[in-house]
Structure formats: C-alpha cells, structure tokens
Amino acid sequence: MAEQSTQLPLHGLRVLELASVLAGPQVGQFLAELGAQVIKVEPPTGDVTRTWKIPAEAPGTDVSAYFACANWGKQSVVADLRSEAGLQLVQHLAHQADIVLASYKPGDAEKLGVDYQALGARNPRLIYGQITGYGPHEPRAGYDAVVQAEAGFMYLNGQPGGEPLKMPVALMDLLAAHQLKEGLLTALYRRERTGLGALVQVSLWEAGLASLANQGSTYLATGHDPKPMGSGHPSIVPYGTVYLGADGVRLILAVGTDRQFQQLCEVLDRPEWAADERFRTNGARVQHRAALEALLHERIGHVPGAELLAELARLAVPAGAVRTAGQALAEPSAAGMLLSPQAGFAHAGLRTVAFRSPQWPTAEALSAPPHLGEHTAAFGTAECASGENQTPAN
C-alpha cells in the first residue's frame, strides 16, 4: 500500500500567471490548491475582474467576489510589461518558473516579449500554457458569451420556441481551464521523461466544441441538428424536466432505466404506467414524451415534493430538489469544498480541486485572494509598477 505524503503533491512547483479574468486564473488557483507557488503578474490597473462587482459588494475593495473565485493562494506582483524594468522582472520570474499561464490575444505576447519562444529560450524546461479565444492564428479575442453562442450552447440551452439562453457561469472559460489543466499535466509527465518543456495551446472555441458531447455526436452520426428542449434530455425520459410538488418543492427526475421507471410509478401509486406500451421501455417513453410528461406533471402536482424525494432516495431512484446556489453551498456535504476566511478577506472561498486521494493531503487553508500588488516588493522594484500595461484578453 502506498504511503501518505505529508506534502501537497505539487509542492515546489513554481507558476507564473500572466493570465487574467477566469480561464487562466482558475488554472492558477487549481495549481495553488495542490501546493504550487503561484505568482500572479498584473498590470498597474489590475486584473479587470477586480472591478466586476454586484451592487451588494463594497465599492472600494479591489478583491471582488468575481476576482475571489479564481485567485486564492496567489501572490500579486504589479509589472508594466511595456517598461524595460517590468519586462526584465517577468523574464527573471519566468526563468525560475516551471509553468507560465498566459491569455493574451494572438500576437500580443510576442509584441510584449513574453511568448513561449522568448521565455522558453532561457528556460528549456518551461511549460507554457496559452489560452486564446479561437486558436493561436485567429486574432479575435475570446469572450465566453460569444463562444457560448457560436459553439451551439446558447441555442441548445433555450426552451422550445423560445430565445436562446446563455449559461449563468462562464462555461467556455471553465471548459478551457479544464482542458489546459489536462494539457499541463500531460506536459509535466512528458518533462519527467524528456527533461524538456512544452507549449500547450487551448482555445475557448475548441474546448466548447469538444464539450458538445452527445449533442455533437448526434449531429455527426445522424445529420439531425439537436433542438432546444429546455432541461429535458433528447434520448432519456423522464430526465431533467422540472416538476412542482404540492408543497411548492421543485424537483427533477433522472430515470435512466426501465426498473427505475417502474419504481417511480409505484411510488406515485400509478403502477399501470409501467405496463403501458407507450411507457414500458425508455425508447417508447422517448417516442411518447409529451403524453408521459403531462401525466407526471399532473400527478406530482398532487404529491408533497419533499416526501416524494425522500421515498425515491430510499429506493435509489435518481431525483433531486432544485436548489439555489446558496442552498447548495449550505449543504453539509458542500463543506469540504469551501476555503476558510482569512485575514483581510472575511469570506469563505470555493475550491477548484474536487478530487481527493489518501496518498496526499488536502490544502486545509489558502492565503486570501491578494490585493493588487500586495507582493510586488518581494519580487521586484517600484519602477516595475509604473505606467500602463496591455491587459490579457480572456
């Protein structure tokens, strides 16, 4: 049996984050949670998400809730990459780094002198993670909402006959972040064998296309362009539709097998539905979706939703209540995903690492999201903090 380490698995890894907004910083926090030292280089104006606040936030803070979602456990250094001093500082930090995270528009990193060729020339073991909107040769900047629309997600997320809907989180950014994590871990494994670094390139566009999954496969295999179905599932019924119980509890079902459907019918005191030829198999239920949904809506509307969920849970029939974000985070089972408030930031944080292993510890606490330039003095000089800088695009 493997022994448990007392150190986090990425202890000793040094990361230089030149990325801003969400995709790159999410990767940075992920690496910090696993023990890496992450130095976030910001322009004098700071990462733009420091200014993205809802009305309930303190107007004077430079650590917004949005900024906090991806910047725990980091050190903030301000550097003007258009100044010689700022560029030299970043080059020095990159020379000592294992990984650089960058999210500039194609061509901008080269203009600033912080592209893979420039930084890797002095550090052949450097792994450079590059995030773009549409790939390294497409000059368009990447914006999550635009890519959600262009990659088919907004169309599929709408209601039948209704307007397309954007996901309420920056899904393309998060998908690109996951792809970059996988690419960086692949590059680290390769470096262990070869001693050489690598350029790892990820785009929001390709990450979105890769995540079309069964919807994309359906089009490629059949030529049938999937249509918006609200929260329903194109090939499983009942699955995803929202029902309203008699007590006001909203719930969904995720009935993937015929046996589960039989159990659902028994709980609803409608065993005859499971014997009905229209509903006996999943294929038949898909064909007669509208008729079954009408029956379920009517019957569940006369049953207390909380009691129904409890009975379905007892029988292991997949179902769940529709919760708000606050309700979800208040669940006892969510406690392990929260970061403890720290001095200077009196709010809990949300972890980006959602896996565990008995062979290494989990970071018990991370330093709070840093204030702008909080650690500049520890890494550079005052001259590096002057002037304007070009903000990364993603």
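Arg140 has a relative accessibility of 36% and so counts as partly exposed; in the terms I use, buried is under 20% relative accessible area, exposed is over 50%, and partly exposed is in between, with a 1.4 Å probe and protein chains only. This is a predicted model, in which local features need pLDDT of at least 70 and side-chain atom pairs count only at pLDDT 80 or more, while totals for chains, interfaces and linings use all residues. Residues are numbered from 1 along each chain as its sequence is written, and side-chain values use heavy atoms, with hydrogens and water left out.

The side chain of Arg140 meets that of Glu150 in a salt bridge, at 2.9 Å from N to O. By salt bridge I mean a side-chain nitrogen of Lys or Arg within 4 Å of a carboxyl oxygen of Asp or Glu. Glu150 lies in helix α6, residues 144–150, and Arg140 in the loop between β5 and α6, so the bridge ties together parts that are 10 residues apart in sequence. Helices and strands here are DSSP runs numbered from the N terminus, helices being H or I with at least four residues and strands being E with at least two. Glu150, at 37% relative accessibility, also counts as partly exposed.

By this rule the count comes to 12 salt bridges. Another of them joins Arg314 and Glu311, at 2.5 Å from N to O. These two residues are 3 apart in helix α15, residues 305–314, and are therefore separated by about one helical turn. Arg314 is exposed at 58% relative accessibility, whereas Glu311 is partly exposed at 28%. Glu331 and Arg323 form a further bridge, at 3.5 Å from N to O. Here Glu331 has a relative accessible area of 28% and is partly exposed, and Arg323, at 49%, is partly exposed as well. Salt bridges with shared partners also join Glu17, Lys40, Asp47 and Lys74 into one network.

Asp80 sits in the loop between β3 (74–78) and α3 (84–95). The side chain of Asp80 does reach the backbone nitrogen of Arg82, at 3.0 Å. That is a polar contact: a pair of N or O atoms within 3.5 Å, where within protein one must be able to donate a hydrogen and the other to accept it, and residues adjacent in sequence count only if both atoms are side-chain atoms.

A polar atom of the Arg289 side chain lies 2.8 Å from the backbone oxygen of His233, and one lies 3.3 Å from the backbone oxygen of Pro234.

I turn next to the aromatic residues. The structure holds 5 aromatic pairs; rings of Phe, Tyr and Trp (its six-membered ring) pair if their centres lie within 6.5 Å, and planes under 30 degrees apart count as stacked, over 60 as edge-to-face and the rest as tilted. Trp52 and Tyr66 are edge-to-face, because their ring centres are 5.1 Å apart and their planes stand at 85 degrees. Trp52 is in the loop between β2 (37–42) and α2, and Tyr66 is in helix α2, 14 residues apart. Trp52 is partly exposed at 37% relative accessibility, and Tyr66 is partly exposed at 27%. Trp72 and Phe345 are also edge-to-face, at 5.7 Å centre to centre and 80 degrees between the planes. This pair links distant parts of the chain, 273 residues apart. Trp72 is buried, with a relative accessible area of 1%, and Phe345 is buried at 10%.
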